[in-house]
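Subject: Structure handover

Hi,

Here is the structure I promised to send over. Could you load it and keep it open while you read the notes below?

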Amino acid sequence: MNVVILAAGMGKRMQSALPKVLHPLAGKPLLQHVIDTARTLAPSKLCVIYGHGGAAVPEMVRSLNTGAHATIDTALQEPQLGTGHAVMQAVPQLDDSAPTLILYGDVPLTSAASLQRLVAAAGADKLAILTVEQANPFGLGRIVREHGEIRRIVEEKDASADERAIREINSGIIVAPTRHLKKWLAALQNNNAQGEYYLTDIVAQAVADGVPVVSAHPAAEWEVAGVNSKVQLAELERRHQANLAQALLEQGVHLLDPARIDVRGELICGRDVSIDVGCVFEGRVELADGVTVGAHSVIVNARIAAGASIKPFCHIEDAVVGPKSVIGPYARLRPGTELAEDVHIGNFVEIKNSQVAAHSKANHLAYVGDATVGSRVNIGAGTITCNYDGANKFRTVIEDDAFIGSDSQLIAPVTVGKGATLGAGTTLSKDAPAGKLTISRAKQMTIDNWTRPVKVKK
């Protein structure tokens, strides 16, 4: 199968310098949604027609040319003279022996199942159109039938009053026999109100050539909804998130409010997972059995193991949280963090590029960066690893059963031995021996006869 995706529009109503098809929906560009769906059909040819936006659209497309998928080709439409003219740009790349499916880069939510129904309806020799009944079809091309058979499509600006009363609309998504499609495209005329070459005019040509014109229908009206403004983008975002939430609920995930969750990637959940309101999931996130995620947490490309509890207002990115661990509230796990079983990371604690072994805890107000922390370690409030000298980063090692007193600074590279204790307020610049108390603090003094300065009146 050939697939052509039209993505050349400027999108003036978006009020943005970013090409319309590159605006994000659920964390990825509109165009990528369409490409991902098209690829589920295993096309032999896939071509994106671009126009406005310079190199931005081809660059995004090139970034997707990985793996076992068919390579995505691009073709420039310049100037933009309508949908028919856009498809003309792909003609040299189309294989005559396979049908051609035409999609739109700003219609992101069409399901693979609906496209498969359309392809099946087209077979090898029919022109198939994805149509839908709309209560308010204003501005959309109408499907004109005679005795139940599709005869042509008429655009709003060219329609008569009777034709404008028709509620069945053309989504623009079609499958056509490629040999016929090339002939029809070559015969298109632009004698219409817009002076453009309408792809929809091929319907009348198909009828004239005796090629059957059939239709298929999506499961829902929103599957053919396009994006022309930020308002429409926001509407489709909420629709898409509602669909994702519904799927999670059907899998058994407990969503405290399905209307207040945002999945901007892939969220994989085990059994008895609970997600509170306002949470955002980006990239690939795995929540194992029994995980709870507190309100307004942001989790990015992370794995949360079974029974872990993420309390409210946490930010976790490129990190691994071990089973039965407790994180937050207000904790931040940065890239490279790996926590083992039953690790407690409390409020206003930040961990970066560090490994923390089982049953260790840093319950409040600490920074642990570029560190290897053993088991059963207690890191007191106000503790920081001083891992950066302004040019290079160094590693801190805290061995099993160590106790780090509050307000300590560990100047890397440094090692705290097994079972060692650092007294509160210690600035550690040399290794602390195992099993011993190490203290580094100024001697406490009281100055007699000292008086606090007073402000001089001017």
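First, the ground rules. This is a predicted model, so local features need pLDDT of at least 70 and side-chain atom pairs count only at pLDDT 80 or more, while totals for chains, interfaces and linings use all residues. Residues are numbered from 1 along each chain as its sequence is written, and side-chain values use heavy atoms, with hydrogens and water left out.

**Pockets**

A pocket here is an open set of points on a 1 Å grid over the protein atoms alone, where a 1.4 Å probe fits and there is protein on both sides within 12 Å along at least five of seven lines; lining residues have an atom within 4 Å of a point. Points are joined across faces, edges and corners, and the volume is the space filled by probe spheres set on them.

The largest pocket comes out at about 1900 Å³. It has 46 lining residues, and K20, T83, D106, G139 and N228 are the closest to its centre. The elements that contribute two or more residues to this lining are β1 (2–7), α3 (83–88), β10 (168–176) and α8 (230–251). Helices (H or I, at least four residues) and strands (E, at least two) are DSSP runs, numbered from the N terminus. By class, the lining of the largest pocket splits into 17 nonpolar, 19 polar and ten charged residues. For those classes, Ala, Val, Leu, Ile, Met, Phe, Trp, Tyr, Cys and Pro are nonpolar, Asp, Glu, Lys and Arg are charged, and the others, Gly among them, are polar.

The second largest pocket holds about 370 Å³. Of its 16 lining residues, K28, H33, T37, H240 and L244 lie nearest the centre. Here the elements giving two or more residues are α1 (30–39), α8 and β13 (261–269). The lining of this second largest pocket has six nonpolar, seven polar and three charged residues.

While you're looking at α1: nine of its ten residues are buried, where buried means under 20% relative accessible area, exposed over 50%, and partly exposed in between (1.4 Å probe, protein chains only). Among the buried ones are H33 and T37, both of which also sit nearest the centre of the second largest pocket.

**Salt bridges**

There are 19 salt bridges, each being a side-chain nitrogen of Lys or Arg within 4 Å of a carboxyl oxygen of Asp or Glu. A few to click on:

- R142 and E156 pair up with their closest N and O atoms 2.6 Å apart. R142 is in strand β8 (residues 142–146) and E156 in the loop between β9 (149–154) and α5 (161–164), so the pair ties together parts 14 residues apart in sequence. R142 is buried at 2% relative accessibility, and E156 is buried too, at 14%.
- D370 and K352 have their closest N and O atoms 2.7 Å apart. D370 is in the loop between β27 (361–369) and β28 (371–373), and K352 is in strand β25 (residues 344–352), so this bridge ties together parts 18 residues apart in sequence. D370 is buried at 7% and K352 at 8%.
- D125 and K126 meet at 3.8 Å, N to O. D125 is partly exposed at 47%, as is K126 at 29%.
- R238, D262, R264 and E282 are linked in a network.

**Surface**

F313, Y330, F348 and L365 make a nonpolar surface patch of about 420 Å². Patches take residues with over 30% relative accessible area and no salt bridge, joining like charges within 9 Å and nonpolar side chains (Val, Leu, Ile, Met, Phe, Trp, Tyr) within 5 Å. Accessible areas are Shrake-Rupley with a 1.4 Å probe, and for residues only the protein chains shown count as cover. F313 is partly exposed at 39% and lies in the loop between β19 (309–310) and β20 (315–317).

**Backbone**

Two cis peptide bonds to look at: G328 to P329, with omega about 0°, and A412 to P413, with omega near 0°. P329 is in the loop between β22 (326–327) and β23 (332–333), and P413 in the loop between β33 (409–411) and β34 (414–416).

Q15 has a positive phi of about 55° although it is not a glycine, and A26 is another non-glycine with a positive phi of about 55°. Q15 is exposed at 69%, whereas A26 is buried at 8%.

Cheers
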